[in-house]
Every structure is written in structure tokens, then in C-alpha cells.
Amino acid sequence: MNNIRFLKPRFLTPLSVVLGTLTAMVGFVALGADKLLQGPGEAWIAPGRAARKANPLPVEANSLAQGKELFAAGCFPCHGASGKGDGPASSTLEREGKPVRPGNLSDPKLWEQSDGAIFWKISEGRTPMPAFQETFTEEQRWQIVNYVRTLAPKQQTNNTGIKTGAK
Ligand code: HEC
């Protein structure tokens with residue numbers, strides 16, 4: 001008996017280190033390692049695979065009208081009617097206690113991102129922006145992508161289409 005009491009601290013210490021590490025690792029994965037690695041102030045970049053996903057939806061009046069309606073319902077509160085990031089809730093947004101502004105969707109810089117990247121951002125969200133993959137169907141999210149494209153004037157310098165790589 002004495003022996004066991006004597007051994008306890010020696011075995012418990014490495015064991016608690018292992019358990020602590022495991023708990024931290026599980027927590028890391030559960031929280032979304034990508035979200036932790038992209039810290040609160042870091043740029044929000046869609047993974048390459050998601051960014052290369054092709055937009056299956058042609059740009060036409062009906063689906064743009066749908067996209068506009070969905071935007072008014074789901075995005076307007078933060079991004080504002082013209083996508084400038086000045087919606088009624090925009091000044092109240094926070095991430096980890098620090099104020100965050102919604103992205104400016106009317107900035108021509110948005111054309112540096114592919115449709116797939118924007119689709120991914122709408123689907124996944126990033127606190128405080130909610131994930132919309134369960135709110136809107138895949139088709140609805142592409143309709144929103146097509147509508148969001150109408151908010152930003154296309155960049156003048158590049159008439160070959162959307163730039164994909166880094167500048
Ligand atoms: C609760 C507020 C909120 C709502 C609702 C919201 N967003 Fe956002 N959105 C944000 C914030 C904040 C950011 C900036 C995130 C960052 O960069 O870390 C953002 C960023 C984005 C970006 C990335 C912009 C960039 O420059 O890369 C896109 C695209 C976007 N939102 C589209 C949408 C669309 C489309 C909807 C509706 C389906 C929507 N958002 C709804 C708050 C919101």
C-alpha cells in the first residue's frame with residue numbers, strides 16, 4: 001500500500017501531461033483548427049479547393065432576383081443594401097471582444113476572389129458572420145454569389161475574367 005502511495009505522484013504527473021495534451025488537441029480540432037490558426041485579425045482566405053469550385057448557375061434575371069431577395073433577408077443587416085458593410089447591425093459586430101466590420105462587397109477587389117471562394121465564405125461563415133449552409137440551399141447560395149457580383153463594379157484593368165492567384 002505504501003508503495004502505491006509512493007508511486008502515485010511519479011505516474012500521475014506524466015499521465016496528466018498526456019491527458020492534458022490530448023484534451024487540448026481534441027479541443028483544438030473541435031473548435032475548428034483553421035479558425036484558430038486564422039486569428040481574429042487575420043485575412044479570411046478560402047482554401048484552394050473551395051476557391052476552384054465552379055459556379056454551376058448562369059447569371060440571368062430570375063436567379064439574380066432570387067439572389068437579391070435572399071441577400072435582403074440574410075445579408076442586409078450587416079452588409080447593407082449596397083454591400084458596403086453599413087447595414088443596421090454593422091456597428092455592433094464583435095469577434096473575441098473586438099469590433100469587426102463586415103466585408104465591403106461593393107469593392108472591386110472582390111473580383112480577386114473566385115465565385116467558389118465567395119460561395120465557401122457564405123457557406124462557412126466566420127464569427128460574427130453566420131454559416132449559411134443550413135439556412136440556404138446550395139442553389140440559393142450560388143444565386144447570392146451571382147447577386148453579390150452585381151454589387152461591385154468589375155475591375156477595369158483585367159478583361160480576361162476573374163483573377164485567381166495572388167497579386
Ligand atoms: C452578422 C453579420 C453578418 C451577416 C448576417 C452576413 N455577414 Fe458577411 N461578413 C460579416 C463580417 C463581420 C465579415 C468580415 C469577416 C472577416 O473578414 O473576418 C463578413 C465577410 C463577408 C465576405 C468576405 C468579404 C471579403 O472581402 O472577403 C463575404 C463574401 C460575405 N461576408 C458575404 C455575406 C453574404 C452573401 C451574406 C448573406 C448571405 C452575409 N455575408 C451575411 C458579417 C456578416
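A residue is called buried if 20 or more other C-beta atoms lie within 10 Å of its own, exposed if 12 or fewer do, and partly exposed in between, with the C-beta atoms placed from the backbone. The structure above is a predicted model, in which local features need pLDDT of at least 70 and side-chain atom pairs count only at pLDDT 80 or more, while totals for chains, interfaces and linings use all residues. Residues are numbered from 1 along each chain as its sequence is written.

Pro130 is placed in the loop between α6 and α7, and with 14 C-beta neighbours inside 10 Å it counts as partly exposed. Pro130 and Cys75 are 55 residues apart along the chain, and their C-alpha atoms are separated by 9.8 Å. The loop between α6 and α7 also holds Pro128, which is joined to Thr127 by a cis peptide bond with an omega of about 5 degrees. The names of such elements follow DSSP runs numbered from the N terminus, where helices (H or I) have at least four residues and strands (E) at least two.

Helix α4 (residues 61-74) has 14 residues and reaches 20 Å from its first C-alpha to its last, close to the 20 Å expected, a span given by 1.5 Å times one less than the number of residues. Its buried residues are Gly67, Leu70 and Phe71. They lie on the same side of α4 because they cover an arc of only 105 degrees around the axis, the arc being that of the directions from the helix axis to the C-beta atoms. The face of α4 turned away from this buried side carries the exposed residues Ala61, Asn62, Ala65, Ala72 and Ala73.

Finally, Glu96 sits in the loop between β1 (94-95) and β2 (98-99). Glu96 has a positive phi of about 50 degrees although it is not a glycine, and it counts as exposed because it has 9 C-beta neighbours inside 10 Å.
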